[in-house]
Amino acid sequence: MSSLRPPHGRADGSREHMGRKETDEPMNDDKNASAPAAGATAPAVDLDTLRHSAAHLMAHAVLDLFPGTQAGIGPAVETGFYYDFLRPEPFSSDDLAAIEARMRELADRDIPIVRSEIPKAEAVRLFTERGQTLKVELIQEKGGDIVSTYSQEGFLDFCLGPHVASTGLLKHFKLLSVSGAYWKGDERNVQMQRIYGAVFPTAAELESHLHLLEEARKRDHRRLGPELDLYSTNEDLGGGLILWHPKGARIRAIIEQYWRERHWAGGYDVLYTPHIGREVIFQTSGHLDFYKDSMYAPMDIDGQNYYMKPMNCPFHIQIYKSRMRSYRDLPLRWAELGTVYRYERSGTLHGLLRVRGFTQDDAHIFCTPDQIESEILRVLDFSLSILADFGFTDNKIELSVRDPHNPAKYCGADDRWRQAEASLVKALETRGLPYERMEGEAVFYGPKIDIKVKDALGRHWQCTTIQFDFNMSNRFGMTYIGEDGKEHQPYMVHRALMGSLERFFGILIEHYNGAFPLWLAPVQMMIVPIAERHGAYAEQLAERCRAAGLRPHVDQRREKLAYKIRDAETHKVPLLLVVGDKEAAGGTASLRIHGQGDKGAVEVDGLLARLRSLVDTRSLTVSL
RNA sequence: GCCAGCGUAGCUCAGUCGGUAGAGCGGCGGUUUUGUAAACCGCGGGUCAGGGGUUCGACUCCCUUCGCUGGCUCCA
C-alpha cells in the first residue's frame, strides 16, 4: 500500500547492491552462446569478466578441496563476485583461508581456461557424471541445443562466458565472507552457502577497497552510536526498538525543529495523529488486505480491535475528510513526524537502518489535477534543498515507472498513469536533473521518484521518496468541490524526505563519522579549565555561549589538560575552549578545532558571533 | 523467517583437556593543581545472555528461548 517509507535497504555501496548484474547469469542461453567467444581469449578484459573468472577459480578450488560439493551460480557483482555451493557442512573461516590459498596455487599455475560448445545432451551427461545436479537443472532450463562450457583442468562449468584466457591473470582477490542464500533466490528452495570475494585489476585498487571496508566498519553507526552515547538498543526491550539517549535526542530535536521551520516556511502545515486506530480505518485503507503481514496483532479495547499504525496516510485522510474541501483550499500540504510500527522479520533488523518502530517525516499533498506538475516540482526542490543542508548534494535520482509488459500489476486508469509519469518527468527535466528510469519499479498504486544520497564513503542510501497514489483517495471517497460546483477526486502525493528519523540518523552518523557539523552537534564546545581555579571563568564563558544560543559543556574534572583534550577529541566535540591564567586575565579563550588542532587565543565575542553565523548557515565545516 | 557464526565486568577482550573466572580502559576513593590527544596509587565490579538437560562437577558438552553479526528472502 501507499508506503511513504523508502525501502529500508542498506547502502548501495556495501551490501544491498551485491545483487545480480548482467554477468551474473552464468547459465547458458544459445541465443547468445556464440557472441562472447572472442572475448574468451582476449588479453584485455573488462572487470566483470575478471570477476566472473575469479568466481570460477574459487569454484575450482572449492570442488578440489571439498569433493561432493555442488556448485550453483557464481556471478560478478559490484566489487567482486560470489559463488553459491551446496554442501552439508558449513564453510568455516579456516576453510575460507584454505580455499583462498588453493585459488592462489591454481592462479600461479596459469591454467588455460577453455571454452567449448557441446550438444546439450552431452553437457547433461558430463555434469551428471560429476554429480553436479544443480548445473544439470540449469542446463535443462537455460540451455539451447548447443551449450557452452568453460573448463580449467578438472573443473568444468556451464557458462556463457566470457572469461579471461588463463588463471594466471587472476591476481588481486580476497575472500570476504560466507553466508546463506536460497537456490534461485527463492526461500522455498534449499539454502546454499554463498562465498563472497573481492576482485580488482590492481593490488592498489584491492587494497583501497579493503581499506574502504575497514573504514566503513569503523564508522558503522552501530559502533559509533552507542560509543558516542547517542542511542542504544536493549535486549529486554526487544529488537528493532531504539532508545534515544540525551545526545542523540538533542540531535533529533534539532533536526525536528529545523524540519518544522522549513515545512512551515515551505507552505506545509504540520499535523499530529495517534499511534493506534480502529480496525475499520485499516480496512478502508486496504492495509488489512494488503499489508497485514507487516502489522502487529490487534489489541482489544472495549471489545473493538485497534491496530498500531504502519503508515500515517489513513489518519491524514481523516483530517481531510473532516470537512468539505473546495478547490480553493487546494493544494493542502500536510506533514507529520509520524511514528509507525511495522513487523520486520527478525533477520532483517539492522541497527538504526531497519527497525520495528520509527518516525517518518511524512507528508501528503492533496491537489487538483492541474496543480500536480507545480506541486511535484515544488516537492522536488524542497527535498533537494533539505538534503543539501545535511551535506548531501551528490544524489542519484530514480524514476520508477510501470512495467510495460505487465499492466495488470497496477491499479488506476491508464491516462492517470500517463499524466502522473509525465509530471514527474517534467519536474526532473525542468530542473535538468539526470535520473535513471526504472521500468517496473513503480508501486502498484502509482509511479514515484526516489532520491538516493551519496555519503562520505561513496555509498548510496535511499532517503527521499515522492509517490503518486491513485488508490487511497478512491478508497476513502475523498472529494473536493470544483469550480463547476461538482465533486472531484483530489490527486494525492505521498512523500518522505529523510525517510525515517532513525534511518536518517544512522546515515548521518556514518556520513559524518560521528563528527557532526556545528549546527547538529549535541555538545558544540567543550570548555576546559586548566586548573580548578579557572573553573569560575569557564562557567562564565559557558554562560556567554548559552546566551549566544550555543551548546557548551564545561569539563570540571580534575584531570590534566591533555587528558581532557584527548577525551573531547575522541568524543568528536567540534570545538574546545581552553582557559587558564592567561585567558582569564585577558578575557579570551584558547580555541582548538576538532581535526584542526590548536588555534591559539581568540577574543570571545568575535568567536561567538562567528560560531552563531556558522550555526545559522548550517555550515558543514568550521573555519574562522 | 532461513543458513552460518557470536553472546564472559559499563566497554574491548583473555580464559588450556569439564574442576564455579582474568587484563586494559571506564567507574569509585586517595595523592597530584595540571598549558593542547591518556599523571600515580588503591578499590570495588560477573546468576559467564535467560531457561532446561548430561555430569560427582558446566563459562566449557547437548537442547531451547532471547539478542546480535554476515548474507538470503522481504522492504508493501
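What is the relative accessibility of D229, and does D229 count as buried, partly exposed or exposed?

Modeller: At 36% relative accessibility, D229 counts as partly exposed. On this scale, buried means under 20% relative accessible area, exposed means over 50%, and partly exposed lies in between, with a 1.4 Å probe and protein chains only. The areas come from the Shrake-Rupley method with a 1.4 Å probe, and for residues only the protein chains shown count as cover.

This is a predicted model, in which local features need pLDDT of at least 70 and side-chain atom pairs count only at pLDDT 80 or more, while totals for chains, interfaces and linings use all residues. Residues are numbered from 1 along each chain as its sequence is written, chains are lettered from A and ligands numbered from 1 in the order in which they are written, and side-chain values use heavy atoms, with hydrogens and water left out.

D229 is placed in the loop between α7 (221-227) and β9 (231-232). Helices (H or I, at least four residues) and strands (E, at least two) are DSSP runs, numbered from the N terminus. The backbone of D229 has a positive phi of about 60°, although D229 is not a glycine.

E153 also has a positive phi without being a glycine, near 50°. E153 sits in the loop between β5 (146-152) and β6 (155-158), and at 47% relative accessibility E153 is partly exposed. A residue of helix α2 (residues 47-65), H60, is in contact with E153, and also with L106, I111, Q152 and F155, leaving aside neighbours within four places in sequence. Contact means heavy atoms within 4.5 Å. H60 is buried, with a relative accessible area of 2%.

Two further backbone places are worth a look. L330 and P331 are joined by a cis peptide bond, with omega about 0°, and P331 lies in the loop between α11 and β15 (332-341). A531 is in the loop between β24 (525-529) and α16 (535-547), and at 25% relative accessibility A531 counts as partly exposed.

Chain A has 19 helices and 28 strands, and the C-alpha trace spans about 85 × 75 × 50 Å along its principal axes. Among contacts in chain A between residues at least 6 apart in sequence, 73% join residues at least 24 apart. Chain A exposes about 27100 Å², and carbon and sulfur atoms supply 50% of that area.

The aromatic rings show some of the links across the sequence. The structure holds 21 aromatic pairs. Rings of Phe, Tyr and Trp (its six-membered ring) pair if their centres lie within 6.5 Å; planes under 30 degrees apart are stacked, over 60 edge-to-face, and the rest tilted. One of the pairs is F282 with Y307: the centres are 6.2 Å apart and the planes are at 75°, so this pair is edge-to-face. F282 belongs to helix α9 (residues 279-285) and Y307 to strand β14 (residues 304-308), so the pair ties together parts that are 25 residues apart in sequence. Both F282 and Y307 are buried.

Y320 and F366 form a tilted pair, 5.0 Å centre to centre with 45° between the planes. Here Y320 comes from helix α11 (residues 313-320) and F366 from strand β16 (residues 357-367), so parts 46 residues apart in sequence are tied together. Y320 is buried at a relative accessible area of 1%, and F366 is buried at 0%.

Y320 also has R325 over its face, at 5.5 Å from the ring centre. A charge sits over a ring if NZ of Lys or CZ of Arg is within 6 Å of the ring centre and within 35 degrees of the ring normal. In a second case, the charged end of R194 sits over the ring of Y82, 3.6 Å from its centre. Elsewhere, Y258, F390, F392, F504 and W519 form one aromatic cluster.
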